[in-house]
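Please read it with the structure open.

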Amino acid sequence: MSLPSTMKAILTEQTGGPEVLQFKSDHPVPVPQEGQLLVKNNISGINYIDTYFRTGLYPAPKPEVLGREGAGTVVALGPGPNTYNFKVGDRVAWLGTSGYAEYTAAPASKTIKIPDGITDEDAIAAFLSGMTVLSLAKETYTVQKGDWVLLHAAAGGAGILMTQVLKSIGAKVIGTAGGPEKVALAKSLGADVVIDYRSEEGKDWVKKVKEATGGQGVDVVYDSVGKDTWEGSLEAVKRKGTIVWFGNASGPVPPLPLPKLSPKCVKVARPALFGYIETREEFEFYVNELFSLLKSGNLKVKVHNVYPLEEVAQAHKDLEGRKTTGKLLLKA
């Protein structure tokens with residue numbers, strides 16, 4: 001099929017605030033190399049990790065096109081073996097880089113066909129975030145029925161999915177959220193206790209966690225906030241408990257003196273999804289479980305907004321300003 005030579009894309013040439021996200025209408029369409037597919041994106045995901053690459057918290061060569069996931073149609077195959085039997089016209093979801101664009105050269109090893117019955121929007125609203133929360137609940141710390149779990153940012157893109165996964169296991173979930181609307185959303189998803197950290201009584205959320213758990217603390221903390229919550233998370237976890245840091249929404253956790261873990265024999269983990277899905281088998285395991293949950297209706301997504309490509313800077317402002325509930329999507 002005939003493909004254009006240029007496309008719309010968002011280029012980041014230097015680190016900084018949302019203003020460094022430049023809309024281009026004449027960015028070159030990538031040429032897929034061996035092991036890649038050229039995908040015409042329909043929907044791309046906006047994730048908090050994108051802001052880390054934009055600001056330089058996570059170093060990456062510039063210029064770059066941000067975006068770690070997308071869904072669309074395969075329009076060309078790279079040269080060499082077609083290991084996973086893709087064909088032009090397949091509707092797929094992918095993980096990789098350069099999603100803020102009309103076309104992406106996606107790695108075939110991290111691309112999968114979207115089953116009938118799942119829309120592109122639902123697939124990407126759950127894709128990277130969904131695999132992340134499944135790996136956190138199954139591998140980083142294996143959540144058991146009856147466990148007390150503290151989940152920060154319970155109304156965020158990952159938190160909405162995580163709450164549902166935790167409740168499906170039978171855990172008792174304490175969520176934190178900012179504002180009445182987000183509190184109500186977390187409760188509607190099944191969270192047993194939701195603490196509004198913006199309210200006067202919610203400012204001492206550690207005390208609320210201790211009260212809810214009979215003074216014991218929680219078995220595990222899932223903390224994607226980082227700098228603002230790390231000390232409280234250490235206080236809120238019980239003796240022999242586990243803290244999982246998996247994000248830096250307020251900034252990174254500072255260097256952690258290991259003796260702080262000693263009094264309660266606390267275990268700490270700092271996982272990243274790609275460490276759990278390095279092989280094709282691992283990737284397919286989590287994707288298939290995720291798609292199964294979506295198709296069965298046992299996992300429901302919430303989309304905050306679908307932004308046009310030209311408005312990605314506003315999307316970043318909304319995300320960093322904590323004005324969002326659920327997933328932010330980008331229409332290529």
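1. Ground rules. This is a predicted model, in which local features need pLDDT of at least 70, side-chain atom pairs count only at pLDDT 80 or more, and totals for chains, interfaces and linings use all residues. Residues are numbered from 1 along each chain as its sequence is written, and side-chain values use heavy atoms, with hydrogens and water left out.

2. Salt bridges overall. Side chains of opposite charge can pair when their charged atoms come close. The structure has 13 salt bridges. The term means a side-chain nitrogen of Lys or Arg within 4 Å of a carboxyl oxygen of Asp or Glu. Salt bridges with shared partners link Lys 87, Asp 90 and Lys 113 into one network.

3. A helix-to-helix pair. Glu 289 and Lys 138 form a salt bridge, with 3.3 Å between the closest N and O atoms. Glu 289 sits in helix α8 (residues 280-296) and Lys 138 in helix α2 (residues 120-140), so the pair ties together parts that are 151 residues apart in sequence. Helices (H or I, at least four residues) and strands (E, at least two) are DSSP runs, numbered from the N terminus. Glu 289 is partly exposed at 23% relative accessible area. Lys 138 is partly exposed too, at 35%. The classes are: buried under 20% relative accessible area, exposed over 50%, partly exposed in between (1.4 Å probe, protein chains only).

4. A strand-to-strand pair. Which residue meets Asp 219 in a salt bridge? The partner is Lys 238, at 2.6 Å from N to O. Asp 219 belongs to strand β11 (residues 218-223) and Lys 238 to strand β12 (residues 237-245), so the pair ties together parts that are 19 residues apart in sequence. Asp 219 is buried at 12% relative accessibility. Lys 238 is partly exposed at 28%.

5. Gly 241. Strand β12 also holds Gly 241. Gly 241 is buried, with a relative accessible area of 1%. Beyond its neighbours within four places in sequence, Gly 241 contacts Asp 219, Cys 265, Val 266 and Lys 267. Contact here means heavy atoms within 4.5 Å. Gly 241 and Lys 267 are 26 residues apart along the chain, and their C-alpha atoms are 6.3 Å apart.

6. A salt bridge between Lys 227 and Asp 228. The closest N and O atoms of this salt bridge are 3.5 Å apart. Lys 227 is partly exposed, at 44% relative accessibility.

7. The largest pocket. How much space lies in the largest pocket? About 1,100 Å³. The search uses a 1 Å grid over the protein atoms alone; a pocket is an open set of points where a 1.4 Å probe fits, with protein on both sides within 12 Å along at least five of seven lines, and lining residues have an atom within 4 Å of a point. Grid points are joined across faces, edges and corners, and the volume is the space filled by probe spheres set on the points.

8. The pocket lining. The lining of the largest pocket has 48 residues, and Tyr 48, Tyr 52, Ala 158, Ser 224 and Phe 246 lie nearest the centre. Helix α2 gives the largest share, six residues. Elements that each supply at least two residues include α1 (48-55), α3 and β9 (172-177). By class, the lining has 26 nonpolar, 16 polar and six charged residues. Ala, Val, Leu, Ile, Met, Phe, Trp, Tyr, Cys and Pro count as nonpolar, Asp, Glu, Lys and Arg as charged, and the others, Gly among them, as polar.

9. Gln 164. Helix α3 (residues 157-169) contains Gln 164. Gln 164 is buried at 12% relative accessibility. A polar atom of the Gln 164 side chain lies 3.1 Å from the backbone oxygen of Ile 160. Not counting residues up to four places away in sequence, Gln 164 touches Leu 189, Asn 298, Leu 299 and Lys 300.

10. Two loop residues. Is Asn 47 buried or exposed? Asn 47 is buried, at 7% relative accessibility. Asn 47 lies in the loop between β3 (36-46) and α1. Lys 323 is exposed, at 59%, and lies in the loop between α9 (312-320) and β15. Leaving aside its neighbours within four places in sequence, Lys 323 contacts His 304 and Asp 318.

Conventions: Polar contact = N/O pair within 3.5 Å; in protein donor to acceptor, adjacent residues only side chain to side chain.
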